[in-house]
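Subject: Structure for your files

Hello,

Here is the structure I said I would pass on. My notes follow below it.

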Amino acid sequence: MSAPLLELNDVSKIYSIGDETLYALCHVSMKIFEGEFVAIVGPSGSGKSTFLHVASLLDKPTEGIIKIKGKEVTEYSEAETARLRNREIGFVFQQFNLLPKTSALENVLLPLIYTGTSEHERIRRSKEKLEEVGLGDRLKNTPAQLSGGQQQRVAIARALVTEPAIIFADEPTGNLDSKSGQEIVKMIIRLNNSGKTVVLVTHDNSLAQIAKRVVKVADGKIVSDELTKWGKADSKIYKQWPAWQTKQSKHTDGDCDYAVLREDD
Ligand SMILES: Nc1ncnc2c1ncn2[C@@H]1O[C@H](COP(=O)(O)OP(=O)(O)OP(=O)(O)O)[C@@H](O)[C@H]1O
Ligand SMILES: [Mg+2]
């Protein structure tokens, strides 16, 4: 088997407020391979967004090691991390995070500015991505001139324009009505079906079932890691499952030091 696309090794994120410390992530180890579609689920405050921020290199872990394609990246400088993130990782957030006074096309163009792509090529690729998400006729609209679902589709086009290895989505349907939410869900499934690795963070257990693998978190710990029916049906990716399933050997509520995760090789 080739190296995992993403690997977290004994990663913790500790927040200190006054003299209180909180393990928002508690010794989390996990591997994600190319082509997987993983949902991270758990109640509010369980550490899902913290996981996403740390795993996607937006934020540094307090302890532990992160590897991308087998290479340790935890000690990278800010600039190296930013470059890597821009190249390998796409983001879709609940709040869309689009620039307000900027057209759909320019919003999608933005990540390409830092990649050395020529202007002509930047425009061509951004238009192509907006066409792929069904917005080829809305290139000049600003976010305020688009519906919520359309804004999220612009955000998806922006996440894809650099052809990243992995897409992270944090509650991507959280601000949408159910019909627009369904469209975004279908788009994410299509993305994964075309081979893109997807990590979806949600508090919604039933939404998580669209993924191939569901990782449940509680109090900053992984409490289960199981394939859904879609994962079980994907014998190509999961031929060697459960080789990299995250297992919990010990779990004590409230005390991070006793929550030790191990993996069977
Ligand atoms: N910058 C911070 N400083 C201090 N504590 C934080 C910080 N960010 C998050 N936390 C705490 O870490 C824990 C995990 O937060 P996180 O945002 O990861 O939860 P979540 O699972 O994404 O929740 P939600 O479903 O509500 O988005 C929470 O108890 C939160 O209060
Ligand atoms: Mg969150």
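How do the residues of the shell around ligand 1 divide into nonpolar, polar and charged? They divide into four nonpolar, eight polar and one charged. Here Ala, Val, Leu, Ile, Met, Phe, Trp, Tyr, Cys and Pro count as nonpolar, Asp, Glu, Lys and Arg as charged, and the others, Gly among them, as polar.

Before the rest, some conventions. This is a predicted model, in which local features need pLDDT of at least 70 and side-chain atom pairs count only at pLDDT 80 or more, while totals for chains, interfaces and linings use all residues. Residues are numbered from 1 along each chain as its sequence is written, and chains are lettered from A and ligands numbered from 1 in the order in which they are written.

Ligand 1

There are 13 residues around ligand 1, and Tyr 15, Ala 24, Ser 44, Ser 49 and Thr 50 come nearest. A residue is near a molecule if its C-beta atom, placed from the backbone, lies within 6 Å of it. Strand E1 (6–17), strand E2 (20–32) and helix H1 (48–55) each supply at least two residues of this shell. H1 gives the most, with three residues. Helices (H or I, at least four residues) and strands (E, at least two) are DSSP runs, numbered from the N terminus.

Helices H3 and H5

The axes of H3 (104–113) and H5 (residues 148–160) come within 7 Å and cross at roughly 30°. That makes the two helices roughly parallel (angles under 35 degrees count as roughly parallel, over 145 as roughly antiparallel, 65 to 115 as roughly perpendicular and the rest as oblique). Axes are lines fitted to C-alpha atoms, for helices over the stretch in contact, and angles run from 0 to 180 degrees between N-to-C directions. Ala 104, Asn 107, Val 108, Leu 110 and Pro 111 in H3 meet Val 154, Ala 157 and Arg 158 in H5 (contact: C-beta atoms, placed from the backbone, within 7 Å). The residues of this contact divide into six nonpolar, one polar and one charged.

Backbone

Phe 96 and Asn 97 lie in the loop between E6 and H3. Neither is a glycine, yet phi is positive, about 65° for Phe 96 and about 55° for Asn 97. Phe 96 is buried, with 21 C-beta neighbours inside 10 Å, whereas Asn 97 is partly exposed, with 13. Buried is 20 or more other C-beta atoms within 10 Å, exposed 12 or fewer, and partly exposed in between, with C-beta atoms placed from the backbone.

A cis peptide bond joins Trp 241 and Pro 242, with omega about 10°. Pro 242 is in the loop between H8 (229–233) and E11 (247–248).

Regards

Note on methods
Two residues are in contact if their C-beta atoms, placed from the backbone, lie within 7 Å.
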